[in-house]
Amino acid sequence: MSHYLKDKTLVVIGGSSGIGLRVAQQAADIGAQLIIVGRNVERLEAARAELAACGAAVQIYQVDAHDHAALQTLFTDLPNFDHLVSMVGDVNSGGFLVNEIASIRHVIESKFLTNVRIGQLAATKIREGGSLIFTSGTGGRAQDACGSYVGNLGLNALVEGLAVELAPKVRVNAVSPTWTVTPFWRDVPAERVASIKQHFEQVIPLKRTASIDELASAYLFLITNGFITGQNIAVDGGVMLGA
Ligand SMILES: NC(=O)c1ccc[n+]([C@@H]2O[C@H](COP(=O)([O-])OP(=O)(O)OC[C@H]3O[C@@H](n4cnc5c(N)ncnc54)[C@H](OP(=O)(O)O)[C@@H]3O)[C@@H](O)[C@H]2O)c1
């Protein structure tokens, strides 16, 4: 496994932070060449420096994936690649009665339709034997996180559809993390993050939250196992099994 991804190129849309950055690091450890995409150029440069310090070959592209014209340009500019991971997906909290339509629409556009577009564009550039991995999510209920819940359902349907449409050339899967401490919560006050973490440590049957490495390794598993397609792996400590 040590050079499994030698001469293979992995694109991580959202590879400059959190889970996506760790996926890039783990893929580089087994030889992948990396292309990472994000909006914030400082974060992209910092990630490139961190990855390059470990000997990885890294290209960066500054693109907001919500801007579908920019996304199209990105895929025109990208070379052919072997694997693509998308970390794109904004979230919301609260049920259908407390959220404005615009907020619900934004999350569904972000989590579902932007990833549909990524799938359509990636299909034109991905090499035979490659894979696409999207990021869904678990742990929330429709009444607690309405837009995210619907977005995740859409994304899971996308994975099933694309897996058949792109077979046998390319495999398509998703990873569903549950609530995890990552830089995703950088704008939430630390005390609030601590209290949400405590809540999840109680409701998750395994009585803790995930490490970023545990989440990232699920993406690597899906990249490296050539006989899995159309699947959604929940890396969530069994959170949906509880009361
Ligand atoms: N952490 C959790 O609790 C949790 C739980 C379930 C699901 N998830 C999902 O996991 C994914 C990644 O989360 P994370 O925890 O790793 O967050 P993170 O540390 O904030 O990383 C997100 C990455 O995606 C990039 N990104 C976000 N929106 C983008 C856009 N519109 N265009 C291009 N790049 C974009 C970010 O860079 P820029 O910000 O610079 O663009 C960053 O590189 C998200 O889809 C999230 O919904 C997270």
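The legends below describe close-up views of a predicted model, in which local features need pLDDT of at least 70, side-chain atom pairs count only at pLDDT 80 or more, and totals for chains, interfaces and linings use all residues. Residues are numbered from 1 along each chain as its sequence is written.

**View A. The shell around the ligand.** The ligand is surrounded by 30 residues, a residue being near a molecule if its C-beta atom, placed from the backbone, lies within 6 Å of it; the closest are Gly 14, Gly 18, Arg 39, Asn 40 and Gly 89. Two or more residues are given to this shell by helix 1 (18-29) and by strand 2 (33-38), where helices (H or I, at least four residues) and strands (E, at least two) are DSSP runs numbered from the N terminus. Helix 1 supplies the largest share, three residues.

View B. Seven strands in the order 3-2-1-4-5-6-7 form an open sheet with parallel pairing, two strands being paired if DSSP finds at least two bridges between them. Strand 3 (58-62) and strand 7 (232-235) are the edge strands, each pairing on one side only. From one strand to the next, the twist averages 15°, with axes fitted as lines to C-alpha atoms, for helices over the stretch in contact, and angles running from 0 to 180 degrees between N-to-C directions.

**View C. The pairing of strands 4 and 5.** Strand 4 (residues 81-86) and strand 5 (residues 126-135) are joined in the parallel sense over four bridges. Phe 81 has Ile 126 of strand 5 as its bridge partner.
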